[in-house]
Amino acid sequence: MKTKTSVYLEAEQATRLKAAAEESGRSEADLIREGIALVLLRSRTVRRTRPWPSFDSGDPGFAAESETALGEAYER
């Protein structure tokens, strides 16, 4: 069963979607459904895992000093 919905696209998105549909021989709706499926798959994957790796540095001041350390490393 399919449910009808409406989506507002930016003009450039609509143009590129139409071109992609024509190039692939698929409908715009099919491409939109595929895009939604990819977003939902990614969303499910993110919920199952932590979005950022974490560790215990053993240094209670590490978090407070990390911004400075990263800035210094970036300048090198």
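Modeller: A salt bridge is a side-chain nitrogen of Lys or Arg within 4 Å of a carboxyl oxygen of Asp or Glu. The model discussed here is predicted, and a search of the whole structure finds three salt bridges.

Biologist: What makes glutamate 12 and arginine 16 a salt bridge?

Modeller: The closest N and O atoms of glutamate 12 and arginine 16 are 3.8 Å apart. The cut-off is 4 Å, so the pair qualifies as a salt bridge. Both residues belong to helix α1 and are four residues apart, about one turn of the helix. Glutamate 12 and arginine 16 are both exposed.

Biologist: What makes arginine 26, aspartate 30 and glutamate 34 one network?

Modeller: Side chains of opposite charge can pair when their charged atoms come close. Arginine 26 meets aspartate 30 at 2.8 Å, N to O, and arginine 26 also pairs with glutamate 34, where the closest N and O atoms are 2.6 Å apart. Both distances are within 4 Å, and therefore both contacts count as salt bridges. Salt bridges that share partners join Arg26, Asp30 and Glu34 into one network.

Biologist: Why is arginine 26 called partly exposed?

Modeller: Buried means under 20% relative accessible area and exposed means over 50%. Arginine 26 has 34% relative accessibility, which lies in between, so arginine 26 counts as partly exposed.

Biologist: Why is leucine 40 called exposed?

Modeller: The relative accessible area of leucine 40 is 55%. The limit for exposed is over 50%, so leucine 40 is exposed. Leucine 40 is found in helix α2, residues 28-48. Leu40 also contributes, with Ile32 and Ile36, to a nonpolar surface patch of about 270 Å².

Biologist: Which secondary structure pattern does the protein chain follow?

Modeller: The pattern along the sequence is α-α-α, with three helices and zero strands. Of the 76 residues in the protein chain, 4% are buried. The accessible surface comes to about 7600 Å², and 56% of that area belongs to carbon and sulfur atoms.

Biologist: Which residues of the lining are closest to the centre of the largest pocket?

Modeller: The largest pocket holds about 320 Å³ of space. Of its 13 lining residues, Thr3, Thr5, Ala29, Ile32 and Arg33 are the closest to the centre. Helix α2 gives the largest share of the lining, five residues.

Technical notes: Residues are numbered from 1 along each chain as its sequence is written. This is a predicted model: local features need pLDDT of at least 70, side-chain atom pairs count only at pLDDT 80 or more; totals for chains, interfaces and linings use all residues. Side-chain values use heavy atoms; hydrogens and water are left out. Patches are made of residues with over 30% relative accessible area and no salt bridge: like charges are joined within 9 Å, nonpolar side chains (Val, Leu, Ile, Met, Phe, Trp, Tyr) within 5 Å. Accessible areas come from the Shrake-Rupley method with a 1.4 Å probe; for residues, only the protein chains shown count as cover. Helices (H or I, at least four residues) and strands (E, at least two) are DSSP runs, numbered from the N terminus. Buried means under 20% relative accessible area, exposed over 50%, partly exposed in between (1.4 Å probe, protein chains only). On a 1 Å grid over the protein atoms alone, a cavity is a set of points where a 1.4 Å probe fits but cannot get out, and a pocket is an open set with protein on both sides within 12 Å along at least five of seven lines; lining residues have an atom within 4 Å of a point. Grid points are joined across faces, edges and corners, and a volume is the space filled by probe spheres set on the points.
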